[in-house]
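Subject: Structure handover

Hello,

Here is the structure I promised to pass on. Please open it first, then read the notes below.

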Protein chains: 12
Amino acid sequence: MKKILIVNGPNLNLLGRRETDIYGSVAFEDYFKILKNKYKNIELEYFQSNHEGALIDKIHEVGFSYDGIILNGGAYTHTSIALADAIAAIETPVVEVHISNIYKRESYRKHSYTAVNCVGCITGLGLKGYELALQFLLEN
Amino acid sequence: MKKILIVNGPNLNLLGRRETDIYGSVAFEDYFKILKNKYKNIELEYFQSNHEGALIDKIHEVGFSYDGIILNGGAYTHTSIALADAIAAIETPVVEVHISNIYKRESYRKHSYTAVNCVGCITGLGLKGYELALQFLLEN
Amino acid sequence: MKKILIVNGPNLNLLGRRETDIYGSVAFEDYFKILKNKYKNIELEYFQSNHEGALIDKIHEVGFSYDGIILNGGAYTHTSIALADAIAAIETPVVEVHISNIYKRESYRKHSYTAVNCVGCITGLGLKGYELALQFLLEN
Amino acid sequence: MKKILIVNGPNLNLLGRRETDIYGSVAFEDYFKILKNKYKNIELEYFQSNHEGALIDKIHEVGFSYDGIILNGGAYTHTSIALADAIAAIETPVVEVHISNIYKRESYRKHSYTAVNCVGCITGLGLKGYELALQFLLEN
Amino acid sequence: MKKILIVNGPNLNLLGRRETDIYGSVAFEDYFKILKNKYKNIELEYFQSNHEGALIDKIHEVGFSYDGIILNGGAYTHTSIALADAIAAIETPVVEVHISNIYKRESYRKHSYTAVNCVGCITGLGLKGYELALQFLLEN
Amino acid sequence: MKKILIVNGPNLNLLGRRETDIYGSVAFEDYFKILKNKYKNIELEYFQSNHEGALIDKIHEVGFSYDGIILNGGAYTHTSIALADAIAAIETPVVEVHISNIYKRESYRKHSYTAVNCVGCITGLGLKGYELALQFLLEN
Amino acid sequence: MKKILIVNGPNLNLLGRRETDIYGSVAFEDYFKILKNKYKNIELEYFQSNHEGALIDKIHEVGFSYDGIILNGGAYTHTSIALADAIAAIETPVVEVHISNIYKRESYRKHSYTAVNCVGCITGLGLKGYELALQFLLEN
Amino acid sequence: MKKILIVNGPNLNLLGRRETDIYGSVAFEDYFKILKNKYKNIELEYFQSNHEGALIDKIHEVGFSYDGIILNGGAYTHTSIALADAIAAIETPVVEVHISNIYKRESYRKHSYTAVNCVGCITGLGLKGYELALQFLLEN
Amino acid sequence: MKKILIVNGPNLNLLGRRETDIYGSVAFEDYFKILKNKYKNIELEYFQSNHEGALIDKIHEVGFSYDGIILNGGAYTHTSIALADAIAAIETPVVEVHISNIYKRESYRKHSYTAVNCVGCITGLGLKGYELALQFLLEN
Amino acid sequence: MKKILIVNGPNLNLLGRRETDIYGSVAFEDYFKILKNKYKNIELEYFQSNHEGALIDKIHEVGFSYDGIILNGGAYTHTSIALADAIAAIETPVVEVHISNIYKRESYRKHSYTAVNCVGCITGLGLKGYELALQFLLEN
Amino acid sequence: MKKILIVNGPNLNLLGRRETDIYGSVAFEDYFKILKNKYKNIELEYFQSNHEGALIDKIHEVGFSYDGIILNGGAYTHTSIALADAIAAIETPVVEVHISNIYKRESYRKHSYTAVNCVGCITGLGLKGYELALQFLLEN
Amino acid sequence: MKKILIVNGPNLNLLGRRETDIYGSVAFEDYFKILKNKYKNIELEYFQSNHEGALIDKIHEVGFSYDGIILNGGAYTHTSIALADAIAAIETPVVEVHISNIYKRESYRKHSYTAVNCVGCITGLGLKGYELALQFLLEN
């Protein structure tokens, strides 16, 4: 039974409540329940933190035993070399996801420290992006 | 019955033959047949050209009647404002796809003129990226 | 009898249909008819292409015999050294025209490769800009 | 009866006397007389100053009652945010004019603080540019 | 009764002890007591942390119920998009404060990620800046 | 009796009339009367000019005898080294004020030549910023 | 019998006619006849196009069977990642040639996207550069 | 008896396990035991955290009483002004150490926020760098 | 009898009073008297203004009849293209002088718009620089 | 009898011994003997130095009497304005040669101070490049 | 018996005499005697030159037979690609040493061309840095 | 009796022979004789070298005993931190001289590493600049 972890970075705990014109009005916990229900034959877990260090700790913890990580690093995507180093240090493949199309936003959101160490990246396809990443990890 | 067009830009006609360590060894035509077979209840078409103008002409042609375009602009992704303007000018939603993880390559491949006018972008997930884009267009 | 060619670059075939808040709602063909009618004592021609190479071919073709070229290079204005070289290579004077005020838009639209080889440039005065360019070419 | 003001910035009082290979040998006052004569059914005025503040004062003075301003900001075009702010602050439409093709000169002349707040810009068409701007303001 | 939170970022716990020529010799806790005493008819709270994540957590916690936040993000002002996103995500207005004049220091201190999402910013007016921010929040 | 001068730079004479969504709809003269009334035990003066040189002259004039200057340099904040030098040359402390949050506007408004020579800066707190600056100057 | 293709990019069809102070007064077709005559024991072919896509198509066509390509990409040298990708995709070695010394011209002509994928480059040695490239390809 | 603290930043807990071609195959805990054994007449302590805030807290804690700190800030070296400020705020001298030669890696690793506030820096000499730093702190 | 004008720009009226560690403690008027006395056989004049426009007006006024201008543009040296244009527009040779060594100060003082249009420049040699410039103008 | 000098710059004395994967395994002295033997009817000389000054001295020495110089400036190509000035100062034409394709290496090797003053440049064609340069100098 | 060479670059011959607040007051020759005395069982040599070429010559001379080089390239560290190439060309490992903390000085001293080709680098630890480098070379 | 040394850098030995439109047609040796004759009551010496190291050696040699150095570093002005360090290391004051107006030439000639460590700089006043520098050194 495959084990997949979804990791959400800073401010994504406010999803559905924060800037709903950019991020939509669904809380991630609600979306996660639907996803978990749809993909019952895998162990699907969810972790969110606003702490860069906590995200790194978690990635270290699962990064040598899980089958895949889906990472939305939020703002740390653009500033955290430490998070990028953590992805490079582990063995589990990571797929990066962004809910909004980061190319339409501030120019500093176009730079990703983490993407270079991930398998690939899905951007701008809303919450659907998490499911597509999941499908990729299950089939590859 | 939904109509979706896959558009491949310059040098992608050499897929399976060109730099196989980066792009894999499957020709796109072969992959397209499998995809078409799997998604029988839609009209799925394929267009490839090395000509920037021909890509623009094609996007104009289908961009007011089709339900979705999956675009791998190849190198024009990074240099063509004209292609980006074409996407902005039409009504059909466009999803950008890149086979390889462009963040791992030359720095000039990190810039995308076209992505800002697309709904979103899937990068680095191989040929699978086309199918995921298709799923997004069918469900959204 | 003076011979003047108006050349429109990529996506300008969609004028009146594309982003009407920026470009207005009149198709260029309709505007061209009015212009032709108003300036009957000159040979006024019109050429549009989305192909950079086709624009260059056309400029070569008329550039040693016509009395003036009015060029709206569209997006190629900002990216095409080849188009700029074509203007430098011919003898016919070229006036650059942009319908919208390019200074109000994306920063990459502020750079023009072609303007340096033109006589001058008219920007932001709508379709009227073509007529003003025409007047300049007729009187100078 | 329409009221239009032509505003010339620093060093343009030396026109016809200064760097005649770039700017031509006609003094602006002489040109203005011809123009005034040709367009008798409008109130056409002329103001020149080498003082940034005086240009701003003048633009404030007429900017809520005149029908149009034709502005050649000279060197202040490239350095004066204050002048640009003045244009943004008033209601009268402004058309920017440059006698020489600024794209052929020092790179710092390619940047215009003022153009973004003007309706549009005519560059490189010599003194004729003022008349074309006038026509635009009269017809729009 | 209005509720206002003062948030201090990294190293501000050493105030009065650290680089006293730049930051002065008063510990913030002592200053806070004086302030609290002076503004008795409001609920004034204080939070300090060296952890970016803890600052974000706190801002989330109070950001939908308090009447104002006074934020001295310290070094995170210049590096934390996550902190800036947190301010954008909440409803409570935030005023940014810096004790020293950041324009007189290293050039990287001139950039603020957070200020753009705050109402405004008070810089270089010492500890007095906190009180002025407080007055603004109480009167607006 | 303390003497304080408020200096407003270019275009601030149009306050209440100009871009009211950014700057509000109160003319500065009206606000100044209220302020003068509220702070009767000081000599409070007001000076506005669109001329860089006039602002410098004024700062020289009062800069060795007044107790404080509150300066909103307007656009000259971003372009005038001469104004910055004037502040460095005098003895009276200067507090910089901006009505709007300059971090939310064009990127060139983030740079301040003058702030480095001022005691500090208050930005984005509306007309209230002038009063807060006044309080600082009176108490320090 | 070795097969070598010479490929000339945009505006090189005007050689001998265009900016003769930079490029000389010999048409390339005339030079090619001389060259062909001198090197009779090889199959020497010539292709010119102003179309980026046509150049790519041609390079694909011969790039897996010919013994060498001599490429003067003209302006596309500096702007076309697509052309550079085409060179990387094929097996035939490519030598880049420029007639004029590109280091003496506009700074944007110093950058070459294509050179990095070529074996080497000959610049500024006039039409003679083509023959030297030919010699290299024949002897290596 | 001298007290020296070794501080390791993010991902250095994976040493010996992570990218062993860059960092070697010895876990830091094993190396630390050897070092502690060799330098018995000092109090040598070790602290590692992936949390920027925890590193700052620790530096504050020991920074006014210990005789030296050896800091390998890992990725925070390149991004954390907060960590740099912490070093500037304390009294204990800090020597920066990097195991790999950061000049041979990504360009963003060449920039160090922290080094400017340290006594000096040892780079690229492997784990031996820690011991050399220790010798410096004991002898100076 | 030769006519030479010394022009001093903004803040130089405070010489001897302003930042005396940089500029020395002699007022320019006193120095000018000594200079005038020493060079009796020439018409030596002095003009100072804090107004960019006034400096330009003065340069226009004397620039077609005097034998030389010695210009210390002060801060306008670094920001005024208008002043630079004025120098280019006149016939009288101009020598630029700076009292302090501008290379030892803020980096933006290293750039001079005006120097390119002057004959040459003397920097950092104190008030003596004016006399050396005078000698040059008298002997050349 | 024509006189040609080959000048090799720093580290090229180690050719055949240094980084043989980039530069090949033939010592330049051996190659030079072959070349000299092949071109017997010219005076062909060779000079190598690691000293920038010695290269300049040599170029001065022969630069008014020889018929051509073939210069591989090595690393000084990218850093020496003095060497570039020396080439500009002499009358003998200089052809620049690089053994490896400098476009495939570190980005700082793409900049050449010297090339702008040479006739042209041959890059990436190995030792053969020297012979091609020789042929050019003999025939032109 | 191991052979180690210490190489000092430009101006280091003035050590103890030059800017003693930065570099200390001990002449290197005196320090070298102490070092030589302490490490008697190795052949320790010293070479200093202000000539870039002489440093390269020396490195070539010993670089295939000695066991280690300790290099303080002085100012050439920041400007000499030729010196960096010399280090890359030899077989002997090189450790870079700087006496002062170059991160605390002019920004151009932060860039090192040579470090990338050295094993590692010791900065800011004074003359002690040479001894630490020596220890590293003896033990590795 | 005062001792002054004139130091000329690379290519200045060709003065009068090299690019005479920029540098004039007088050899420096001839000019030096005239100067020596005119200033008989001082020991005036002259040194020229194309070697950066030789210039540094000379500056060290005289820099603790002479009364002044007049330095025209030629191209090393723009590239040599080592030469700049040499000037900073000595006690004799140095005045920098450039014959041509370096602001009118290539942009890289506007940067001077050496000027910051000199007393001041005279530029563009031809050979006369050496004499003016001499006068300054004699009178200060």
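**Chain C and chain D**

Between chain C and chain D the count is two salt bridges (a side-chain nitrogen of Lys or Arg within 4 Å of a carboxyl oxygen of Asp or Glu). One joins K128(D) to E139(C), with the closest N and O atoms 2.2 Å apart.

On the side of chain C that touches chain D, strand 5 (120–123) and helix 6 (128–139) of chain C each give two or more residues. Helix 6 of chain C has the largest share, five residues. Helices (H or I, at least four residues) and strands (E, at least two) are DSSP runs, numbered from the N terminus. That side of chain C divides into 11 nonpolar, seven polar and four charged residues. Here Ala, Val, Leu, Ile, Met, Phe, Trp, Tyr, Cys and Pro are nonpolar, Asp, Glu, Lys and Arg are charged, and the others, Gly among them, are polar.

Some ground rules. This is a predicted model, where local features need pLDDT of at least 70, side-chain atom pairs count only at pLDDT 80 or more, and totals for chains, interfaces and linings use all residues. Residues are numbered from 1 along each chain as its sequence is written, chains are lettered from A and ligands numbered from 1 in the order in which they are written, and side-chain values use heavy atoms, leaving out hydrogens and water.

In total, 22 residues of chain C are in contact with 22 residues of chain D (heavy atoms within 4.5 Å). The two chains bury about 2000 Å² between them, with carbon and sulfur atoms giving 56%. Buried area is the accessible area (1.4 Å probe) that two parts lose on being put together, summed over both. In chain C, Y103(C), L125(C) and K128(C) lose the most area to chain D, together 30% of what that side buries.

**Chain H and chain K**

This contact takes 21 residues from chain H and 22 from chain K. The area buried is about 2000 Å², 56% of it on carbon and sulfur atoms. Two salt bridges cross this interface. One of them pairs K128(K) with E139(H), at 2.2 Å between the closest N and O atoms.

Chain A and chain F make no contact; their nearest C-alpha atoms are 12 Å apart. Chain B and chain E do not touch either, with closest C-alpha atoms 20 Å apart.

**Cysteines**

How many disulfides are there over all chains? The count is zero, a disulfide being a pair of cysteine sulfur atoms within 2.5 Å. The sulfur of C118(B) is too far for a bond, because the closest cysteine sulfur, in C121(B), is 7.3 Å away. C118(B) is buried, at 1% relative accessibility. Buried means under 20% relative accessible area, exposed over 50%, partly exposed in between (1.4 Å probe, protein chains only).

**Helix 5 of chain K**

Helix 5 (residues 81–89) of chain K is mostly covered, with eight of its nine residues buried. Among them are I81(K), L83(K) and I87(K).

Best wishes
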